[in-house]
Amino acid sequence: MSAPLLSVRDLCVDYVTENGPVRAVDTVDLDLSPGEILGIAGESGCGKSTLAQALLRTLPPPAVIARGRVTFEGRDVLAMSEPELRGMRWRRMSMVFQSAMDALNPVTTIGEQLADTILAHEPVSGTEARRRAGALLERVGIPAERLGSYAHQLSGGMRQRVGIALALALEPALVILDEPTTALDVIVEREILAHIRTLQRTLGFAVIYITHDLARMLQFSDRVAIFYAARLVEVGPAATIATAPRHPYTRGLLRAFPRVHAEAGAAESIPGTPPSLRTPPPGCRFHPRCPIAVEACRRERPALLEVGPGHLAACPVAR
Amino acid sequence: MHYLLRRLGFYLLAAWAALTINFFLPRLMPGDPASTLFARFKGKLDPAAIEALRATFGLTDAPLWRQYLTSLGHVLQGDLGVSIAYFPSPVAEVIGTGLGWTLFLAGSAVIVSFAIGTLLGVVAAWWRRGWADSWLPSTLIFVGAFPYFWLAMAALYVLGFTLGWFPLGHAYSDDAVPGWTWAFTADVLRHAALPMTTIVLVTLGGWLLTMRNTMISLLGSDYVNLARAKGLPSAQVALRYAARNALLPSVTGFGMALGFVLGGSLLTEIVFSYPGQGYLLVQAVRAQDYPLMQGIFLVITLAVLGTNWLVDLIYLWLDPRTRDAGS
C-alpha cells in the first residue's frame, strides 16, 4: 500500500452529558489510500456520522474528541489551529451532507452558495467564481442556467447534485459522503451514485461513503468497514466482505438483506436490538445477540486481527 | 405580483369590515355627539343649531343603511366629520397634527429598538454563553418587566425633574419656531430623547430574545454547519447563513409592532405630555368626542393593515420561498 491519504489511530469521540461521557466512537483505527472508496456501514446511532464530523473537526458540542490521532496528507488534523482548519476544510477534504434539503441555505441562490465557497478559498473575481460555479453545476448534470435557482425550486435529486457540486468545488483529495442518498428514491439514488463513481474516476479523489445500506455499499466501495456500537468490528475488501464475511454481525447484516434471486422470506433479522452507548455490554459488544458467543466474549474485548489479505475482524471465535 | 394583489384584496376587505364596525358601534351606544355638544353649551344653542350639528355628524333621521352609505362616502373622501373636543376643527385635521408626532416618536423608537435588539440577539447567539449572552438578555428582560408607566415616570422624575437634563414634556419648547432649522430639529430631538429611550428600553429585550433563540436553533442547522465546513469566514456564516434566516420571524413581529405604533404609545404620550395620537385619544375619550375617537380608531386600523401589507412586501424580498408560493 502507498502512503495513506488519511490515517486514523486510536480515535475516541465522547458526548459529554450530565451523567458522564458517552463514547460514540471507540478506539477506531482506519487507513485510506488516495483515490480509494471506503464504505463505512452500521446501524443508526453507531457513531459513523460522528466519525465523519470528527475528521473535518466540525463536531457540534457537546461532542469532543477525547483521544487519538488523525493524519491527513501528512498533517496532524487534531493539532490544527482554526485558520489552518479553514484552509484544509473543503480545499482538501469536503463532505456531502445527509439531507440535501437542509444543507442548502433557503434564502440565497445555489449560484451564490457555490461562488462563496470558491471566493472563500481562492483569490478570484466574482465573475470568475460564478463562471466556475456554472461549470460545476454542468459537471453534476444540471444546466448552468439553474445558478439563479433557490433550493426549494429544485427536486430532491437535483439538490443532492448541488451538494455534490459544492463538495467538488475546490477539487479536494477526499470527499466524505454522509448517507448522501437517504432522502432520495431508489432510482435517483442509483443515478447519483453512478455519477459520483464517474466523477471519482475522472478526478481521482478518495471517498468515505457512510451508509446503513450494506448491499448498496458493497457494490460501490473498494473497501468496507463495519461499525457496531461505536467500534469497528470488521474491515476488508468489498469483494471479500460480500462473499466471505468473518464477523457474526457482518454475517447477520448480509443475511438481513433479501437477495434478488433467493426465495421469498429468505431475509433474516438479527435477534435483539443494538445496545445503548450509555451502558454498553462488557467484552464484545455484540455478544448478547451473537449466535456463537463463548464465555470469553462476555469478559474480553476482542482485538481486530488480520484474518486474510487486508481483511481484519474482531472475532476470535468465528472461522 | 398576483400574490401581492391577492393580499391587497384581503386587506381592503378587512378595512371595509373595520369601517363598518366603526360605524355601527357608536350607534349602539346611548346618546349622540350632537346632544353631547349641545349639553356642553348648556342651553345657549337653539334647537335649529342642534339639527345643523346632527347633520354635520351624519346623524340624520334617514334610515340606517343610508346613513351608513353616506358615512362610507365621506370616509372615502377623507372627510371624518367634525371634532367635538376641538370644535369646529375637522377630525382629519386634528388627527393630522397628532399623527406626525406619533409617527416620529413611536415609529423611530420601534425601528431603533428592533435594529439594536436584533443585532444584540445575533451577538448573543453567535457568542453563546459568552460575556454578552450571560448578562444582556436577563438585564433587558428585567428592565422590560417594569410597568411601562412606572419606568417612564421614574425616568421623567429623575432625569427630567431632579437632574434637569431633559425637558419635562411636549414635542418642542414653547419659544421654538417650527421649521426645518438646526435649532428646531435639535430642540425636537431633545424633547423626544427621553420618551424614545424609555420605549426602546422596555421593548429591546423582546427583540433580543426572539432573534437570539431563532438564531441559536438555526446555528445547529445543516446549512450553517455546511457553511462552516466549507471554510467560510465566521462573519459570513453568522450573517449570510444564520442571521439572514433567523430574521424572518422577527420581521413578522416588527410589522405588527409598527402597526400598533399609532395606537400603542398612549402611556408614553400621557406621561411625557407628547401631542401625538395617544394623547388625542385620551382627550377624545374625556370629551366623549365620538368623531375623533372613530377617526383615530380608523387610522389605527388602516395603519395595522398597511404595515401588514408592507411586511408582506419585505417578506417577498427576504424569503424567496414566498415568491414562488404566490405565483
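1. The largest nonpolar core in this predicted model has 101 residues, and the members with the most contacts inside that core are Leu6(A), Leu30(A), Ile40(A), Leu174(A), Ile176(A) and Ile208(A). Apart from it lies another core, of 26 residues, which includes Leu105(B), Leu136(B), Ala171(B) and Leu208(B).

2. Chain B is built with 15 helices and zero strands, and 45% of its 327 residues count as buried. Of the contacts in chain B with a separation of 6 or more, 73% are accounted for by residues 24 or more positions apart.

3. Turning to the interface, 23 residues of chain B are in contact with 25 residues of chain A, and the area buried between the two chains is about 2100 Å², with carbon and sulfur atoms giving 58% of that area.

4. On the polar side of the interface, the count between chain B and chain A is nine residue pairs in polar contact, both residues being at pLDDT 80 or more, and the count of salt bridges is two. One of these joins Arg240(B) to Glu112(A), where the closest N and O atoms are 3.0 Å apart. The elements of chain B that give two or more residues to the side touching chain A are α9 (222-229), α10 (234-259) and α15 (320-326), and the largest share, seven residues, comes from α10(B). By type, the residues on that side of chain B divide into nine nonpolar, five polar and nine charged.

5. Thr117(A) deserves a separate remark, and its place is in helix α4 of chain A, which covers residues 110-121. Is Thr117(A) buried or exposed? With a relative accessible area of 0%, Thr117(A) counts as buried, because the cut-off for that class is under 20%. The side chain of Thr117(A) reaches the backbone oxygen of Gln113(A) at 2.7 Å. Leaving aside neighbours within four places in sequence, Thr117(A) is in contact with Trp90(A), Leu166(A), Ala169(A) and Leu170(A) in chain A, and with Lys230(B) and Leu232(B) in chain B.

Definitions and conventions:
Residues numbered from 1 in each chain as written. Chains lettered and ligands numbered in written order. Predicted model: local features only at pLDDT ≥ 70, side-chain atom pairs only at ≥ 80, totals over all residues. Heavy atoms only, no water. Core = buried A, V, L, I, M, F, W, Y, C linked by side-chain atoms within 4.5 Å. Buried < 20%, exposed > 50% of the residue type's maximum accessible area, 1.4 Å probe, protein only. Contact = heavy atoms within 4.5 Å. Buried area = accessible area lost by both parts, 1.4 Å probe. Salt bridge = Lys/Arg side-chain N within 4 Å of Asp/Glu carboxyl O. Polar contact = N/O pair within 3.5 Å; in protein donor to acceptor, adjacent residues only side chain to side chain. Helix = DSSP H or I, 4+ residues; strand = E, 2+ residues; numbered from the N terminus. Nonpolar A, V, L, I, M, F, W, Y, C, P; charged D, E, K, R; others polar.
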